[in-house]
Every structure is written in C-alpha cells, then in structure tokens.
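Here's a quick briefing for anyone opening this structure without any background.

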Amino acid sequence: MTTTTGTLTTAGSVGSAHVRVEGRAKVTGAARYAADLPFAELAHGWMVLSTVARGRVRSVESAPVLAMPGVLTVLHHGNAPRVDGDYVGTLGRPDPIVACFQDDHIPCAGWPVALVVAQTPEQAREAAEALAVRYDEESHDVAFYAGRPGTYTPENSPMLQAETLKGDLEAELAASAVVVDAEYTTPQEHHHTLEPHAATARWEDGRLEVVDSNQGSMWVADELAKLFSLDPASVRVRSEHVGGGFGSKGVRPHQVCAVMAATVLHRPVRVVLTRRQMFTAVGYRSPTAQRVRLGADADGRLRVLDHQAQNLTSRVYEFVEQSASIGRVMYDADAHHTVHRVVPLDVATPTWMRAPGEAPGSFALESALDELAEKCGVDPIVLRSRNEPVSGPVSGLPFSSRNVLACFREGARRFGWADRDPRPGLRREGRWLLGTGTAAATYPSGAAPSTAAVTAEADGTFTVRIAAADIGTGARTALTLIAADALEVRPDRVRVRIADSDFGPAMIAGGSMGTRSWGWAVMTAVDELQGQLALGGDIPPEGITVRSDTSAAVAALAAKERHSFGAQFAEVAVDTSSGEVRVRRMLGIFAAGRIVNPLTARSQFVGGMTWGISMALHEEAVRDQASGSHVSADLAGYHFAANADVPLVEADWVDDPDADDPVGIKGIGEIGIVGAAAAIANAVWHATGVRHRHLPIRPDRVLLSGSRDIASG
Amino acid sequence: MREFGYRRAVDVPGAVALLGADPEARYLGGGTNLVDLMKTGVERPGLLVDVRELPLDRVETTADGGLRIGSTVTNSDLAADPEVRRRYPALAQAVLAGASGQLRNMATVGGNLLQRTRCGYFADPARPCNKRVPGSGCPAITGEHRNHAILGASEHCVAVHPSDMGVALAAFDAVVSYEAADGPGELAFKDFYLPVGESPHRETALPPGALITAVTLPPAPVAATSRYRKVRERASYAFAIGSIAAALDVRDEAVREVRLAFGAVASRPWRARTAERVLTGGPATAEAFAAAADAELAAAEPLPDNGYKVTLMRNLVVALLIELTEEASR
C-alpha cells in the first residue's frame, strides 16, 4: 500500500497535473449525460408543481389534458403507484418530497402534484402547463427571522450534535476585557448545477434500469429499491457523467416520477427538471440567523466562544444547517458554547449545499474574529495564532494534522499582508475605497466504507470498477492516478469505470469524502492484486480480479480530529456612492492532505472561492411572503458572480502530511468556499469602516450604510 | 410551450401584412426576450413574424446631421458604429452595458425598445400581475420591489423598464418611426411609452400591428460629451438598479446645455427634464448638480424597500456631471 504523504511526491502520477481522462469526450460532446442517451420508445414526463404554499389538492383535471396531442398519462395522488417513503437510507430518512403523489397534502409551494407524460418533451410541457389543478388553500407562514416563535433545538443524532457546552459563559464574559456580540444573517441560497436533474427509467428483463445524474449511483439505487419495495439487486442506476452536484443530487422527485411512469406505461420515461423547478424540488441552503459572542483578554486570547445558529426547515422534514460546528474545530475558549436551532415553516426542505454548515458558519464566526481583532487592536492573523488549540476544543481529541497557521504564513507572504495598515477607510483610488481581509477555513476530512474491484487484464492493462461519482470534480481522473501509482504503471494503462450501482457499495460524492474513501478502496484492492500477481503465472483471458472492502479499515481508524484547513485573503474595492463592491483579487492557501491532481484540485479550490464571491456579494433567493413562493426563480433573477465579478483568484497549498493516515488524501470539494465570504466582508470593512453582517453585501446595503472615512474625520 | 406559426418577412409592408390584425401574432427580432417569455408561458403567440431579414439593418447619417438607426440593427453593431461612438458615446456605452456579447449579437434596436419588464411577478404566470393579466393586481407593491419604480408609477404597477439603450435614446430626443397597416408614422421618444396609469398592460403608443422601422437621433452637439453609468448587483449580465445617461456642455463654468435620463426608476426611460431646467444656465458645481437631482427626485414616491434608489440616482447625477465637467475642461 502506498503510504507516501505530502504534496512533494513527484514520483509517479499522483502529484502532477493531468487533464481529465474523459475531458476530450466532454468538450467534443461525445460524453452522454443522463438526458442525452437515446432510447427506443422513449416518453417524456413533465412535473407539475403546486402554486400554493399550503393546503390540499382538491382535483387534478386530467381529462382535457389527456386529449392533447401525444399525451400518454397524467399521474397524481389519485392514480400514482404507491411507494414507501418510511424508510431509513444511507443518510437517514428521505425528504418526503420524494414520495411523490402519495396524498393530497401540500406543505410548500413547488411541491409535486402531478406528472404529465407525452411522446415529446414539448407536448409534455404544454400539457403540464395546461393542466388545471384545483386547491383548497390554507394560510401559510414562510417568514424566517432570528428567534422567531417555533424555533427549537433538535435532538442529537449520529449525524447531528445539536449543542455543546463547556465552562461558564456569563462568568467568562464578565471577566473578558473585550466582548464582541453580533448577529449575522445569510440568505437562502441555491445550488444550480449546470446540468439540471435528469433521469431516464425503464424496465428491462425484470430489472429497473435508471440512467441518472446523481452523486452516488449505489445510493440512489438503494433508495429507489426501498421506495418501490424492490429487491436491491433488481435496481441498477448509472450516472457516468454528471454536470455538477453540490449536495443537490441524491434521490429526488424526478427519478421517482420517471420510475413511476415507466412502470405504468411499460416503456422508458425521461424526466428533466427546469431551473424554476429546481428552486423547490432539489433542496437549497437554508437562510441562517447566527449570534456570535466572543469574549477575550486584552491580547485577544478567547475566554468565550458562543455561536448560536438558527435555520429553517420544512414542516415535513427536519434539516439542520450545522453552522455552529466550525467553532468546535477552529478555536478553544474557557467557556465554549455552540448550538443549532431550527424552525419549521411552509417551505420546501433545505439540504446540503457545498460546505453545509461551514459555509454560512464561517461567515459569522470569521467575521466576528475580525471584529475582535479590531477591538483588541491585534492583527487578525496574530489573533488566530493566539487562539490555536492543541486539541479538539470540544472533543479533546488530537488533530491528525492541523496546518492552518502554515496556510496563514504562506498566504500572508504571497498576499503582501505585512504591509497592511489595519486602519479602515484610508485607501482611495478614484471613486473606490480599497481594503483587504482574511479568514480561516476548515472542513472535515472523513472517510466512509467503500468497495472496489481491480482487474489485471490479459493484455497488461488494468480495469478498476467502483461506484464512485465524478460530478465534474475530476474524481475519475484522480482515481486513475491513484490506481496507476499503486500499480506502478502509467495512467494510460488503467481504465477506471465508475458510477454504476452494479459495482457495489461505495461512498457518495459528498462531504468531501469521495476521493479519500474511493482511493482507499482502490489502493486496498491493488495491494491485494499485486500480492496475487507476485505469485506469478499467466493471466487468464478473463483477467484476475480482486475486490476490496474498506469497512473494517475505516472502522479501525483512530479517533482523531481530521480536517482540512485554509486561509483566505481578499482585496476589494467599494464605491460607497453607488454601493458597488468589486473583488480585486483573492488568494486561498490550503492544507488538504496529499493533492492527487494539482490541475483539478486547483479548479476545486478556485471554484469554491469563486462561489464565495457569489455568496458574499450576489446570491440570495427572494421569497414572496404573500404567496410563499420564489420571485424571479431563474438564473437571470438569482444572481451569482459573472465572469466580470471574478478577478485573479489564486489557490495553492502547503504540505500537509499525516504519516499515520493510510490514505493521506483529504477532501477538497468544499473547503474552497469556507471563509471566502468572511474574507470579503472583512475586506469591505477595511475599505469602508462599516461592518456588513448580512449577506449578500448588496449595493443598496452598502449605499445606505455609507462609510466611516476616518481619513477625513 | 404552445405550438405557433412562423413566417419570415422579406419586406416591411409584407411583414405588416403577415401580422395583420391578429392579436396573437408577434414580431420576432432577436428573440432574446420574447422566446424566454414564450418558454415561461408569459407570451403565448399563435404566430411569429420574423423581421430579422428586413433591410432595416443600417445606421445612416441623416440630411440634417442626425443618425437614423434601422430597427433590425443589432445591439452589437449599434455599439460598434463609429458615428454612434463619436457623436453619441453614451448610447454606445449604454448598449454595451446591457446583456452579454452573445445576446447583443442577436438583440435588435426595435426589440430592445419593446422588451418587457423583468419584474419577477410579471415573469411568473402563477402570480397576479396587472401588466400580464389586467385587473389581477400588483403583488410587488406589498411584496418584493427592491428594484421597482420610484418615479411615475401607479397603484396598478410599479415595474421598471429594463432597457439601457432606451435611457440614452431618451436623453437624445430620439424619434421612433414605424409602419402600420395604414402607412408609416412617427412618435417622439417622450410620447412612445405610455404613462402607467390604470393600464400598465398598454406600454407604447404604437398603433396595433405596427412595426418599428427606425430610431432617428436628431443632431445634438452636446451628445458628443456624454456618458452612461449603470449600477447593478453584479459587474455584468444584470439589469440596472439605477442608471443614468448624461450629456453636458459647459462654457465658462456655466451649464449651457445638459441632458439627463434615468434608467431602472420608472416604467420607461426617465428623462429628467426638471433637473435639466434647474441646471441650464447655472453653475457647473457639485452643489448645483445635487440641487438639480433633488429637484428631479422630489417627485419620487419610493416604496418601503426601494428608497435607496433616490440616494443612488442623486449620487449618480452628481458623479457623472462632475466627470463630464472635468472631461469638458480637458
């Protein structure tokens, strides 16, 4: 087994830049995505979503629609196949939105109420838009704000530690020389993948075959089997190419609708979501309201860290955005309190969105750290170094590796931080005020059991089979490089096949755990294969295949705090007379274990940081309180950074070895966004002297808050 | 999407005849707005008459020294035209501030004038909207209206016109030429868009079935010293939250002539004639610019969440007129 760690490894394929193995197929259009594959007799389903936010479906008036050209069927709660939504899947209970058309109950706007299936997508869409659905509407409430009635602290579960407390908060606050007590909010945000959710389902030889766009083919197969009460072996899900996931692509209504219709019609059925449908059908990041209290000695050493985070969820499912978790890793304090609270409203269920918890949580906590630095008169990086814990602040466990200060040192050097005048509002260039800011980043580095098969082929090549998912990250290429190095061959002799549930259980592409978990399974299989090959003898025509299962090895991993870390830097320009904020440059330095493929790793970091620009300045879903539904639910109305908003964004990394770790690879999919918005907000303060505690930092907010121009008094 | 007929017109009378009196027919220019609205069901035409092939794609100098811009000139060609750039720079800047390169390659001058508001309620057929369904109500007034009108709105509609190009055309007194079933006609830009009043669904004074054939800019020496500034929620590819076209002629530190028009504050590009009157003949100072802006914006009736636009427009007037004063003195 390869035990080399550190990014200086140059021997072999891991550690040097490789273009995606499927890159040529993607840029030439040869790669087929879920909605691209041709099928004979393919029918097309179009979802109809509720236009009311709460109530019941009184009637679905199918008859006129069934008479429209090409229409094959209309499925709704009165006639749809029954499914079992009461199960526990890989990641817990399903969001009830996937148990489509099981009753007439509507808990939110955008809830699936019918599926119209027709010969062509155009016919299906026209019929779906013509379908009259009558509702008995009930009054709804979608207003989210800090401390609103109905907010509660959820129960702990294996996936959620709702509250942690040590020490005496009030006593330590009273003893603190400096106190920051501030409220921060982040808005509802959406992960709109470039490729919308799409699935084609068909029955073939008694098996359900689904071609889908998802973050885990085995995961989706397992959930579909449970929903439709099928033998897991009779469900096959494939998703070779996926145009983005970001947490939104698990089991979702489109797959369920496609399976229902294929079952009823006995022919293949495809369902593709529209952008507008994606606003309610695939989850989103909840808005958050966060209160952070920091108490410190005059030199900035923390006596108190109190992070109270609140998010919304639907009335039918409890989803907790774990924004306060970041403090359990980043900073210790004599009194340390973190809590998540949640309030159910008449809205669709939120879900994981890139760096769930850490993304909004880091905005609040890392902004508060900057406020503390200002109040103490201490440099923000020095402040963080004074509060560097020796072990997990809550768990007490040792860190497997913790190189956040190395990130700050390297980042400060390259960004030119040493020359920074800490006073705000001093630097002007024409109509622009300039400022710089920084923030820390972290994200857990977990591993989950996975299986892989590696075959030594008779022609001297190797085939890896693993139900991994490449959602655009470059994971397939990374696995190719990992396998090649383990096999001690060139990457072009290794063929990696992924995203087929028939390959067996494997971790999903989520939680920044994919490449670490899959790489482990591949390395384990190769290790055993090489043992067999070392025995000598010819390779039979069918090759020699070895399967691995890392369940035991993952379970045996020593209990430690395992995380990636990083330091974000941003320079901004702010025109307080127009409210415009422009990011001029960003630098992110990360400590994220062994970097497998620098080319795609950099792309992951830069992509996350770019999303951080969007989070800081642009992204915000707007909900109409009167109707309970979104306003401007499309990509013209939902703003994110355009090319012109994205300046020079640089990402790099420091060595982050862990000699005791069997893989050495950490996740890199999420950490790029963590801290990025805080770094930008802190830079806006440095430019203007005004703290922006509510995202996004829109022109109207900047305009109305002005500047505190200490240069002119 | 409803099935629709498609016809391509080869000459102007033919286009007008193809459309005829059919209330469900629409002219198709670049389609950058109409096709989107068809996809979402806001527009459900039975017939599209494609006018892109009409011989209306030229920018020509008129006998009196103005510019006549054909209605099928693309936004890209308009912004690149040397005469536009030299004599009406704010117009070129305004066009380039809109949309994206790909969209500007498709979008036409005529279509730009007739594009619809981007109000989120107008765009969603599941919601009431007086502009889309007369009499159904305006949820924006009590709902989401951060980017809605502060000037010239009514209790029936507070949507803003999204055009950048139109703001410059308003400042330069453009004249819109059209062809209707009973022959050609003209509308001064100030008369082209109708006041909102009680009929926000009636947006222009064009006769039914009329086809815009050209936009003519009268000669305006002041326009040579002009600028367009657009403020939006991201650096590109977003509609304005406030924009301004300004032209200024300063002699001996006094304002000889000034043109001011605002975007994203009203149902149409808003010519700031009150501010122009206050400024003309007066000093070219920041104080005078601010006073003129205040005079114009005294009529503003902001809603709870769009009052920032009053501050924004005041700041933009001052900033842009200072820039033009400095440009004139160089």
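**A helix pair in chain A**

In chain A, helix H12 (residues 475-487) and helix H13 (residues 514-533) have axes that come within 9 Å and cross at roughly 30°. Keep in mind that this is a predicted model.

**How the two helices pack**

- Angles under 35 degrees count as roughly parallel, so H12(A) and H13(A) are roughly parallel to each other.
- As for handedness, H12(A) and H13(A) make a right-handed crossing.
- On the H12(A) side, the residues that meet H13(A) are Ala475(A), Ala478(A), Leu479(A), Ile482(A), Ala483(A), Ala486(A) and Leu487(A).
- Facing them from H13(A) are Gly514(A), Thr515(A), Trp518(A), Gly519(A), Val522(A), Met523(A) and Val526(A).
- Sorted by class, this contact between H12(A) and H13(A) has 11 nonpolar residues, three polar ones and no charged ones.

**Backbone spots to look at**

- Going from Leu695(A) to Pro696(A), the peptide bond is cis, and its omega is near -5°.
- You'll find Pro696(A) in the loop of chain A that runs between helix H16 (676-688) and helix H17 (699-705).
- His266(A) isn't a glycine, yet it has a positive phi of about 55°.
- To locate His266(A), go to the loop between helix H6 (253-265) and strand S12 (269-272) of chain A.
- Over in chain B, Ala99(B) is not a glycine either, and its phi is positive at about 55°.
- Ala99(B) sits in the loop between helix H5 (89-96) and helix H6 (101-106) of chain B.

**Buried or exposed?**

- Is His266(A) buried or exposed? His266(A) has 10 other C-beta atoms within 10 Å, and a residue with 12 or fewer counts as exposed, so His266(A) is exposed.
- Ala99(B) has 24 C-beta neighbours inside 10 Å; the cut-off for buried is 20 or more, so Ala99(B) counts as buried.

**Where the chains touch**

- Chain B puts 28 residues in contact with 31 residues of chain A.
- Which part of chain B gives the most to the side that touches chain A? That's helix H12 (residues 308-329) of chain B, with six residues.
- By class, the side of chain B touching chain A has 14 nonpolar, seven polar and seven charged residues.

Methods:
Residues numbered from 1 in each chain as written. Chains lettered and ligands numbered in written order. Predicted model: local features only at pLDDT ≥ 70, side-chain atom pairs only at ≥ 80, totals over all residues. Axes fitted to C-alpha atoms, helices over the stretch in contact; angles between N-to-C directions. Helix = DSSP H or I, 4+ residues; strand = E, 2+ residues; numbered from the N terminus. Parallel < 35°, antiparallel > 145°, perpendicular 65-115°, else oblique. Left-handed = near helix turned anticlockwise from the far one by under 90°. Contact = placed C-beta atoms within 7 Å. Nonpolar A, V, L, I, M, F, W, Y, C, P; charged D, E, K, R; others polar.
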